[in-house]
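Student: I would like a close look at the pockets of this protein chain. Which residues and elements line them, and what is the setting in which they occur?

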Amino acid sequence: MAASRPPQPSQPGQPLELKDVTIDKCSIDNASVRQASLHDVDLSELRLHDANLKGSDLRDVDLSDARITDVDASRIHVTDIALVEMQLDDADASRACVKNARFDATEITDCSFVAAKLTDIDLTDSKLSNACLRGVVLDDVDGRELQVTDANLSGAKLSNVDLSNVQIADANIDGLTIDGVRIDELLKAREQLAPS
């Protein structure tokens with residue numbers, strides 16, 4: 001673990017605050033850092049397990065090559081973050097607010113993003129499996145080569161997204177609407193017009 005400037009200890013009972021710090025190749029288990037404030041922090045190659053980050057504020061944080069498992073990140077606020085080639089498993093990011101994040105080549109498994117708001121997100125070549133994205137708001141998302149399996153996107157709102165060459169199979173599309181057109185009704189009408 002190398003630090004560019006030693007972190008200042010928080011007062012007992014006060015949220016953790018780190019600014020302009022490098023803490024690479026660190027392993028943290030069973031930690032509660034609720035409502036932490038991390039600004040301009042390099043946490044590349046972090047190993048974080050069984051942690052509570054609920055309500056934390058992360059800005060300009062590098063989590064490249066991090067392995068994060070069993071984490072409560074609900075109501076977290078994240079801005080300008082790099083999560084390149086990261087593995088995120090069994091995390092609760094419900095009601096998270098994430099802006100300007102790079103998830104390139106990231107694997108996200110068994111995670112909840114219920115009612116989260118994700119803006120200006122790069123998910124290029126990432127894998128999302130067994131995820132709950134119910135009611136998520138996605139705005140300005142780059143999902144080129146994104147693979148999504150066993151996900152719940154019911155009630156999700158997507159805007160300013162490129163869906164070219166998207167392939168959907170084995171999906172419940174009841175009520176799916178694109179630019180005001182109900183796709184489920186369109187497909188039913190197509191089936192009725194098809195020759196037998």
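Tutor: A contact here means heavy atoms within 4.5 Å. In this predicted model, residues 24 or more positions apart account for 1% of the contacts with a separation of 6 or more. The chain has one helix and 17 strands, and its C-alpha trace spans about 75 × 30 × 25 Å along the principal axes. Of the 196 residues, 34% are buried. The chain exposes about 12,000 Å², with carbon and sulfur atoms supplying 46% of that area.

Against this background, the largest pocket has a volume of about 1,900 Å³. Its lining comprises 45 residues, and those nearest the centre are L153, L158, L163, V166 and I168. Two or more lining residues come from each of the strands β13 (137–142), β14 (147–149), β15 (157–159) and β16 (177–178). By class, this lining holds 24 nonpolar, 14 polar and seven charged residues.

The second largest pocket has a volume of about 560 Å³. A set of 33 residues lines this pocket, with L48, L53, L58, L63 and I68 nearest its centre. The elements that each contribute two or more residues to its lining are β2 (27–32), β4 (47–52), β6 (67–72), β7 (77–82) and β8 (87–92). In composition, the lining of the second largest pocket has 33 nonpolar residues, no polar and no charged ones, whereas polar and charged residues do occur in the lining of the largest pocket.

Definitions and conventions: Residues numbered from 1 in each chain as written. Predicted model: local features only at pLDDT ≥ 70, side-chain atom pairs only at ≥ 80, totals over all residues. Heavy atoms only, no water. 1 Å grid on protein atoms, 1.4 Å probe; cavity = no way out; pocket = protein on both sides within 12 Å on 5 of 7 lines; lining within 4 Å. Points joined across faces, edges and corners; volume = space filled by probe spheres on them. Helix = DSSP H or I, 4+ residues; strand = E, 2+ residues; numbered from the N terminus. Nonpolar A, V, L, I, M, F, W, Y, C, P; charged D, E, K, R; others polar. Buried < 20%, exposed > 50% of the residue type's maximum accessible area, 1.4 Å probe, protein only. Areas by Shrake-Rupley, 256 points an atom, 1.4 Å probe, with all protein chains shown as cover.
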